[in-house]
Number of protein chains: 2
Amino acid sequence: MASLSPQILQMKEERKKISFDVEEITNFVDGGPEESRLRREITAKIQNDPIAGDVDWFYKSGEEKFINAVKRSVRLKNMDMDIDMNSDTAMNAAFTACANSIGLPIHSGAFLPTVMNLGSPEQVEKWVPLALNFEIIGTYAQTELGHGTNLRGLETTATFLPDSQEFEIDCPKLTSMKWWPGDLGKCANHAVVMANLIINKQEYGMHPFIVQIRDLDTHQPLPGVRVGDIGRKFAFEVNDNGFLHMDHLRIPRENMLAGVAEVDSEGNYNLKSDPRLLYGGMMLIRVRLVDTQAIFPLQLACTIATRYSLMRKQGSIEPDEPEVSVLDYVAQQRKILPLIAQAYAFHFCARRTRLFYVDMMTEMRQGDFTNLPELHALTAGMKAYITEGCLEGTDICRRACGGHGYLEASGFPRIYLAQLASVTYEGENTVMYLQCARHLIKCASAASSGKTVKGFADYLNDDVKAKRSEKSQDELAHPVVLRECFRHRANRMVKYVHEKIQNLKATGKSHAEAWNLASVELVEMAKAHLDVYVISTFTKVIDEAKVSSRSRQVLFNLCSLWGLHILNRNIGSLLVDGYINAQQAEDMMEAELSCLSTVRQDALGLVDAFDFTDKTLQSCIGAYDGNVYERLYENAKRSPRNANEVHEGFYEIMKDSLRRGRDALRGMKSKL
Amino acid sequence: MASLSPQILQMKEERKKISFDVEEITNFVDGGPEESRLRREITAKIQNDPIAGDVDWFYKSGEEKFINAVKRSVRLKNMDMDIDMNSDTAMNAAFTACANSIGLPIHSGAFLPTVMNLGSPEQVEKWVPLALNFEIIGTYAQTELGHGTNLRGLETTATFLPDSQEFEIDCPKLTSMKWWPGDLGKCANHAVVMANLIINKQEYGMHPFIVQIRDLDTHQPLPGVRVGDIGRKFAFEVNDNGFLHMDHLRIPRENMLAGVAEVDSEGNYNLKSDPRLLYGGMMLIRVRLVDTQAIFPLQLACTIATRYSLMRKQGSIEPDEPEVSVLDYVAQQRKILPLIAQAYAFHFCARRTRLFYVDMMTEMRQGDFTNLPELHALTAGMKAYITEGCLEGTDICRRACGGHGYLEASGFPRIYLAQLASVTYEGENTVMYLQCARHLIKCASAASSGKTVKGFADYLNDDVKAKRSEKSQDELAHPVVLRECFRHRANRMVKYVHEKIQNLKATGKSHAEAWNLASVELVEMAKAHLDVYVISTFTKVIDEAKVSSRSRQVLFNLCSLWGLHILNRNIGSLLVDGYINAQQAEDMMEAELSCLSTVRQDALGLVDAFDFTDKTLQSCIGAYDGNVYERLYENAKRSPRNANEVHEGFYEIMKDSLRRGRDALRGMKSKL
């Protein structure tokens, strides 16, 4: 490739304009210089490895991606990293370096932790080393063909057989078949199966059982087991999501995971610890997935869209002037820049939620479950809120790249198609919002009876006054003022819905019916609450940041931009009770536009600070050097369709008619 | 398959509840009973044909889809349909029956019409029959690697060489390479190339030239031509979108399409007709694409989501009651039902726009260009508005189907991935909105100087008063009242932005700079204008409908629902100037919720009325009979990954470690 293409030169020029120290922000995002160093070391080790680092995604078939990913997971296990890989930083770095393509994710991310968390010490000792060494492959089988989110609707049963000291696992109907578990279709030879425990005809609800499903000699399904791949998806080719039908399959009694509850040889059901601890695993999955499956993709998408928009020239703002970068158009700025702000905001929130989770789990293990409802509401709500916001953001970035964003070479298909699933798995988003809402309505109820609300919904302690905020345009752009707006808005919305439900019940509706009738507003209200969590976290992070004043200002601008953008998109919710007036609504939009032009100059630095290698990005249009067009052309030449100049399949169909055309054209020429 | 699965029985029960005559609405949507009959006849002929009707999409590779589509296009040409296939109804029916998968679409949809519209009579006589018979394959090559939307930036040149009476076609830079044209990579042997005409060093701007690019004997690229496929995309596997680099390639003078302008043998440039007629072709493409590439996919998506949501049971609203259909949840209704309304609304709008286009083209051919700006603004704006609304809608439908919506078997990947491109091609949407806005600002300028505005922006003749609408909740749900709200809102927004631009200019900004600074609001204002067009069209269609009173009421409900939904999502724009107050904002939301429960009972009938065959739907979860789970399981069994019980590639990697696991587990057993 030519090293001096105009695009490369342009990117170099653009990089000179950055007003802040990119490395300082990178360190701040990572959590400190040492964390950055560690991340880079892990990334380099993995990406320089011939197997683990073979992340080239272009033109691979689904089967190639699947096999590569399995190889990579085995290789990562066997690599001599000489680093403790169990810290959050290390795990995230490995994940990022592999560009979200590590095989057997459910084996490692769900089967293994479930056995560790829910098994008895003996079970942990037996199964965990086998799983760690890939000597067994497990899956976590909960969702069924006919039921997902409503766990009470699951139909698979585990019936205790006292005579043989076994459980009989059974899927009585077509709809009871396990459906969707990852690594299940072709890989797993064991599964943690969630099934309704039945002892002496009495139902005890869902419990986990380790079930062997394939023969250890031949890897063939065991008798009574039908297992296979559920077919193609939008993406996730690296995963053999599967179906599993078990027909009166027997397993030993000791295969019921017995950390929380066990069935003794007499058929007595014994609770061994507080079952509320079970929520921990589910919440941890939600806490983690937003980082890897939502925020990381959005950061990639912002990096690609920003670099491409800076490099791409299109038209001139003034007639007869030279063409300008697409990012000089305000309409383009409003697409991308608030998303950069969002990628930062969400990153800080995810970190805060993780810390909160760790604190709460410590409390709970000590028997204090006071904060469980808050943690549950927060993790459920944030799962929905962040996956939704990041998915929308990635597609906005894709569109901001015009036609080239539709190419595999842009990197967007790889990023976006996997992300599409994030709004559904681990709790469908609307259901998640409603779980968050349930907690908020309880808080509102407490507040209305004069109690003080603690925690993230403490704005409910304030009176909702239809009192106008008297702020000027400049003041309205200040994060602290924006936080006040968000708190007022959430306070009003939660109390409004609480009252609506009370009123519906006063007209004779049941609580459940009233809840359903208010569900649209309940979801909106939960989002408004989560907005408060984001702006509060962002302002807190800035307050506590130990960075140079320039970096602080940059973060401050991002926080303003994020808050203004969200409020401007929902301006009706501030206008409706007169909290702001028409002039202030106008001011808020002008403040956002002004903020865009400030952030514009640092846009490249802000995405550079995410510090992705080109190998992680896998994008011809978003690479660091800006050499977009040469990369696109080189990538096109690799297309398998270009293996031969003449496409045989096509030519076979058309050659007779094309020859008639040749003869006709030659006939015309000879007549001339 | 069992014929009496609970899902089938449930769908039959649901169908009994429909309150209106589905066939009457089908006929109304089609434009009359005769149109319905014709559509069904064409659909049956195509879908019963072994080649044309082989539309099974599941588990096909990109290459299989490509070849199938080419075969289908040839077969359609050769089928004895015994029907005039040139009417809009017939063309749409054929397209729908083939489920959006016909090969060589740019040859038939762009190359051919361009030659017909822009060629001289001699050129039409020479090239059109060859193209119609697939004796030549052509493409339309305009977009380049470095430039798309900004036509003035295109770099390919066509230099007149008087000595040899030729044009020399040249792509001087890497970025000048044609990039994206459909059917180009491997199929086309000719191209209409748009190039900057240069005669005697003077530039005449973009003109169309017929360029042969492949050898007629061998189908190899001609000397001076580099051509190939541009690589994988989100979808469009059936199209070999290509690149084309031409290096001083010579073509005869008579290959410049000479219907509008020609270069004579002396090198004189002669205009032969009004170049504004050229817009006609571009506008026609935009008029047509919204039907096939946006509204059709949304109708499919609504059909799938509605049927699945009715069949799918999840949880109960009242504790201890039986499980209910997901569509009985208000939050689910609010996702899907406004989209059904939107699919109807957009269909009627597309039809009206088509009629308007035909009328305007008749005027223009008679030399009357008065209405060209209005038509151009409308077609550009509607292209953006409808593709955006339909794309968003399809993804909402997909999410409303939970995890199963992520399966290829759901049908959504087929629908959605092609649709992703619609917001970019044929005019990037933001650019399209801004073109619409340009016309509106001109209208506002006329209105402000006391002129009467005619056409779709005639609301600008009204005064914008901050006068409150005095309507009650019932009145606010009436389409005519909603139309007034939309007109007031657009009027206020257009005038606001017009004034903002004036004010910016008064502070010394150039018009271009002011335009850029106002572009966010310009886009919003264009959308508000297009909302007016939709609600006006929908109310007009209902007024003029010759249908039973029950059907009229059904359409009326849809129109209310659509209007309320859009306004509730943008309620700030009615609150800001006090047009409605807080109570009315609340009333509007309540009116929408009430409307949802009315439309809920007819939801199945409303999607049945789109009258798609199961072959057109290609969805296991949206088929007519509701037999979702058996279809999903049968489809999963077809997965190529299930060809062998043991996946060889996977087992090869893992078998050693799995054998160690086997031995370890056997060792543990022997110890027990």
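Predicted model: local features only at pLDDT ≥ 70, side-chain atom pairs only at ≥ 80, totals over all residues.

Biologist: How many helices and strands does chain A have?

Modeller: Helices (H or I, at least four residues) and strands (E, at least two) are DSSP runs, numbered from the N terminus. Chain A has 23 helices and 11 strands.

Biologist: What radius of gyration does chain A have?

Modeller: That radius is taken over C-alpha atoms, and the globule rule is 2.2 Å times the number of residues to the power 0.38. For 672 residues the rule gives a value near 26 Å, and chain A has 28 Å, which agrees with a compact globule.

Biologist: How much of chain A is buried?

Modeller: Call a residue buried if 20 or more other C-beta atoms lie within 10 Å of its own, exposed if 12 or fewer, and partly exposed in between, with C-beta atoms placed from the backbone. In chain A, 52% of the 672 residues are buried.

Biologist: And which residues have the most contacts inside the largest nonpolar core?

Modeller: In soluble globular proteins, nonpolar side chains tend to be buried together. A nonpolar core is a set of buried Ala, Val, Leu, Ile, Met, Phe, Trp, Tyr and Cys residues joined through C-beta atoms within 7 Å. Here the largest one has 412 residues, and I340(A) and I340(B) have the most contacts inside it.

Biologist: Now a strand: which residues lie on each side of β8(B)?

Modeller: In a regular strand the side chains alternate between the two faces of the sheet. In β8(B), G242(B), L244(B) and M246(B) are on one side, with F243(B) and H245(B) on the other, and all are buried.

Biologist: Which way do β7 of chain B and β8(B) run?

Modeller: Two strands pair if DSSP finds at least two bridges between them. Here 5 bridges join β7 (residues 225–229) to β8(B), and the two run antiparallel. V225(B), for one, has M246(B) as its bridge partner.

Biologist: Last one: how many residues does each chain give to the contact?

Modeller: Two residues are in contact if their C-beta atoms, placed from the backbone, lie within 7 Å. Chain B gives 108 residues and chain A gives 107. Helix α23 (residues 648–671) gives the most on the chain B side, with 13 residues.

Notes:
Residues numbered from 1 in each chain as written. Chains lettered and ligands numbered in written order.
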